[in-house]
Amino acid sequence: EVVTTGNPAAIEVPIFPLNFVLFPDSLLPLKIFEPRYIDMVSACLREKKEFGVVLMKSGRETRGPVSFHEIGTLAQIETFDQGEDGLLHIIAKGTSLFEVIHNEQRKDGLNVATINPVIIDAKCGMPEVELSHLSKLLSEVLENLAEMAPPKPWCLDNAMWVAYRLAELLPLNNEDRLEILLSPNIDIKIKKISAHINKGTKSVR
C-alpha cells in the first residue's frame, strides 16, 4: 500500500490516460493530435505545469470514456516541435508519483484530477552485493542500447533509479510494471524485479 501525504493543499492537474506505465525519470515520446491534448500541452507549457500519466483500465486512448488506475506519475514536458507528419511531437519526463483524489472529465473530453503526492521509502536495506549485481546488469543493458539508452549521467549508485530503469526495460506486462511502481519502498521494488530476472533466467536454461 502506497503512502500519500494527505496534504489538504492538493493540486489539480490534467490527466493523460495511456496503455503505458511511466516511471520517474523515464522519457515518454508522444504524438499529439487530439484538440483536448493539444490544448493541454499548450497550457502546461504556458503555465509551466506538469500533467499526470495513468495506466488505463478500460477504454481507448484516443476517444470515448476511459477508466484508469488512481496512482500515476507526473510528467514534465522536456521538448516539443511539429513533426514532418504535421503532428505535435513532445517528449515528457516522469518526475514523481501521485494519487488521484477526485477526477472529472470536462466537456472537451480532457480528464482533470485533484491529486496528492505519493511518498516512497527510498532507504534501501538490500544487501550491497545484490544492488551491485543489478547495477552492473543495468549498465550492460544500457551500453548495448547505445543511442536508444537514456542520456547520461546514469545514476547506477541510486537504487531507485536502477529499479525503475530495469522495470521499464525488462519484458514485463503493464500489470507487472504497475505493481513495481506501486510498491511502497525500494526494497520491495528490487525484490519484485529480482524475481522477474530470476524467472527469465530459468526459462532460458
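Visitor: How do you know that a polar contact joins the side chains of R165 and S26?

Guide: The separation is 2.9 Å. A polar contact is a pair of N or O atoms within 3.5 Å; within protein, one must be able to donate a hydrogen and the other to accept it, and residues adjacent in sequence count only if both atoms are side-chain atoms. At 2.9 Å, the side chains of R165 and S26 therefore qualify. The model is predicted, so local features need pLDDT of at least 70 and side-chain atom pairs count only at pLDDT 80 or more, while totals for chains, interfaces and linings use all residues. Residues are numbered from 1 along each chain as its sequence is written, and side-chain values use heavy atoms, with hydrogens and water left out.

Visitor: Why does R165 count as buried?

Guide: The relative accessibility of R165 is 1%. Buried means under 20% relative accessible area, exposed over 50%, and partly exposed in between (1.4 Å probe, protein chains only). R165 is therefore buried.

Visitor: With which residues is R165 in contact, leaving aside its neighbours within four places in sequence?

Guide: They are F23, P24, D25, S26, L138 and P150, where contact means heavy atoms within 4.5 Å.

Visitor: What makes helix 3 largely enclosed by the rest of the structure?

Guide: Of its 11 residues, 9 are buried, so helix 3 is described in that way. R165 is one of the buried residues, which also include W161 and Y164. Helix 3 covers residues 159–169; helices (H or I, at least four residues) and strands (E, at least two) are DSSP runs, numbered from the N terminus.

Visitor: How do you know that N158 caps the N-terminal end of helix 3?

Guide: A side-chain oxygen of N158 lies 3.0 Å from the backbone nitrogen of M160. Helix 4 has a cap of its own: a side-chain oxygen of N173 lies 3.1 Å from the backbone nitrogen of E175.

Visitor: What puts the buried residues of helix 4 on the same side?

Guide: The buried residues are N174, R177, L178, I180 and L181. They cover an arc of only 160 degrees around the axis, which puts them on the same side of helix 4. The arc is that of the directions from the helix axis to the C-beta atoms.

Visitor: Why is P171 called exposed?

Guide: P171 has 81% relative accessibility and so counts as exposed. P171 sits in the loop between helix 3 and helix 4. Its C-alpha is 9.1 Å from that of H196, although 25 residues separate the two in sequence.

Visitor: Why does M126 count as buried?

Guide: The relative accessibility of M126 is 13%, so M126 falls in the buried class. M126 lies in the loop between strand 8 and helix 2 and touches L131, D187, I190 and K191, residues up to four places away in sequence not being counted.

Visitor: What makes the peptide bond from K152 to P153 cis?

Guide: Its omega is near 10 degrees. P153 is found in the loop between helix 2 and helix 3.

Visitor: How do you know that strand 6 and strand 7 pair?

Guide: Two strands pair if DSSP finds at least two bridges between them. Strand 6 and strand 7 have 10 bridges and run in the antiparallel sense, with A75 opposite G94. They form a hairpin with 5 residues between them, and G86 in the turn has a positive phi of about 85 degrees.

Visitor: How many bridges join strand 7 to strand 8?

Guide: There are 7, and these strands run antiparallel; E99 stands opposite N116 in strand 8. In the hairpin of strand 7 and strand 8, G109 takes a positive phi near 95 degrees. Strand 7 is also joined to strand 3, by 6 bridges and again antiparallel, and P29 has I91 as its bridge partner in strand 7.
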